[in-house]
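Please read them alongside the sequence and the coordinates.

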Amino acid sequence: MSAISMILVVIVAFLAGMEGILDEFEFHQPLVACTLIGLVTGHLIPCVMLGGSLQMIALGWANIGAAVAPDAALASVASAIIFVQSGAASKDMGTATAIAIPLAVAGLFLTMIVRTISVAIIHIMDKEAEKGNLRAIDMWQIIAICLQGLRIALPAIALLIIPASKVQAFLSSMPSWLTDGMTIGGGMVVAVGYAMVINMIANREVWPFFAIGFVLAAVSDLTLIAIGTLGLAFTLIYLELESKANNGGGNGGNGGSGDPLGDILNDY
Amino acid sequence: MAEKKITLTKRDRWSVCWRSTFLQGSWNYERMQNGGYAFSLIPAIKKLYTKKEDRAEALKRHLEFFNTHPYLASPIIGVTLALEEDKANGTEIDNATLSGVKVGMMGPLAGVGDPVFWYTARPIIAGLGASLAISGNILGPILFFVLWNAMRIAFMWYTQEFGYRTGTKITDDVSGGLLQKVTRGAAMMGMFVLGTLIERWVTINFTPVVSKVKQSSGAYINWSKLPNNPTAIRTVLQEWDMGNGLSLTKYKTTTLQDNLDSLIPGLAALLLTLFCMWLLKKKVSPIVIILGLFVVGILGHVIGLLGA
């Protein structure tokens, strides 16, 4: 890898680290981070594919409440670097995906460390606030963000220093039963993210939507955009009928039953 | 009061909105987003207060504990701007009122933001992007990045403006029907797409052969009777007819997977997801489940139960 590529990879890693905490531009999502690393190292398409398959796993990862989600930033940056260093061959994609998981856990601990350091930073901010020093607040906020960037940039530098031949030798030394097995595991792991999301948003009202989506997905002619459109249409119809049913309570005794579908069926 | 009223221009408000992008930058275990909140408001504080003591006061009140969904901080910031502006112009607003407004709004708004953005919008848009990207289509990441950020920036700006215009009255709107409807609609849409994603992208393949039936002659291509010239290839392709015609082999094998798929495609994936949901409800850490599934994948492959 050329020096320029390496510098650009570190910049991408820095952005991913910042975004891992900011959660605004989403540079830390595998889809974006892996693509950017592919772009700067000249392995664009394989890295786009890696990003896509990692993204499927990371779909439900979000930092909320008590559920501690794995860190997508380190997972996507590190596994993309390893993937590129090993030559970006599609047979290594399953392994690179599997490596991402322990890295995601490691990233989690790193972010906890930085969040603890930030406690000290806001105490400095408190002191500067007493003096009404606006510029110092700006500076310390930026320092805090940079620390989060370094959280990913430093491990990225460490990975870049390891010679590509070592990475290649390590990956090819893994027996096929292990790599194949990890690829199979990767296919199943996707379910965990979905399960996390479902546990958050599911209630009695929305399960039928899940059932329709699941059954329609088997019709392989429907692209995801087509299915999304169907889902949106079903949702809008449901909400519209529901408000109609509630408003129409005056013209008959069936309005307030709280069962919009039943009301509509009764109207026929 | 003879002095002229200080107002925040659109430019000031935009500057605050841009800075609120970095709201979580100094996220910490003690007061969470407090540093970012003060940081976001600095252009306003600079404009509204000129005396050092006033600035110090303002900074201190916004370095109090704050935590909500990063995008739904925008309407709260908008309300804060309106209140700070009134205060700077001489209206009596004490610190307790300002804190009360902030704390009162951050809880309910976080409750809306998390399911709508993290659990519905992102899985849908990222799932769409990822499904394109897996087949090597560069449009996948571009689509995700552009769509997401356009939506996010528009949301942050307009809700901040909304908060600024409506001031404290915003809480009435929040508890009103519209926001609740959006949240519910998002959950329905989310569940619909999740059903799709599970069917298409959770891959389990049970390899054990359930039955092996010898087919009657004429149901499969008789390889030994083919002419020994290139037209044979055409004959075979015609007979095979993309899998709709004759069978390629003498024996018809049915795997466990074929049996499951004939019940309903994706049944195994669905059961696995339900099992994961159950484990998560039992407070098993997602990381443990993920690592466990890799172990299952490897063991299943070694004993010949699972295939790629």
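1. A patch is built from residues with over 30% relative accessible area and no salt bridge, with like charges joined within 9 Å and nonpolar side chains (Val, Leu, Ile, Met, Phe, Trp, Tyr) within 5 Å. Accessible areas follow the Shrake-Rupley method with a 1.4 Å probe, and for residues only the protein chains shown count as cover. A salt bridge is a side-chain nitrogen of Lys or Arg within 4 Å of a carboxyl oxygen of Asp or Glu.

2. This is a predicted model, in which local features need pLDDT of at least 70 and side-chain atom pairs pLDDT 80 or more, while totals for chains, interfaces and linings use all residues. Residues are numbered from 1 along each chain, chains are lettered from A in the order written, and side-chain values use heavy atoms, without hydrogens or water.

3. A:Ile45, B:Ile138, B:Leu139, B:Ile142 and B:Val146 make a nonpolar surface patch of about 410 Å². Helix α6 of chain B (residues 139–166) supplies the largest share, three residues. Helices are DSSP runs (H or I, at least four residues), numbered from the N terminus.

4. B:Ile142 sits in helix α6 of chain B. B:Ile142 counts as partly exposed because its relative accessibility is 45%; the class lies between buried (under 20%) and exposed (over 50%), with a 1.4 Å probe and protein chains only.

5. B:Gly300 belongs to helix α12 of chain B (residues 286–302). With 6% relative accessibility, B:Gly300 is therefore classed as buried. Its C-alpha atom is 9.9 Å from that of B:Thr207, 93 residues apart along the chain.

Methods:
Helix = DSSP H or I, 4+ residues; strand = E, 2+ residues; numbered from the N terminus.
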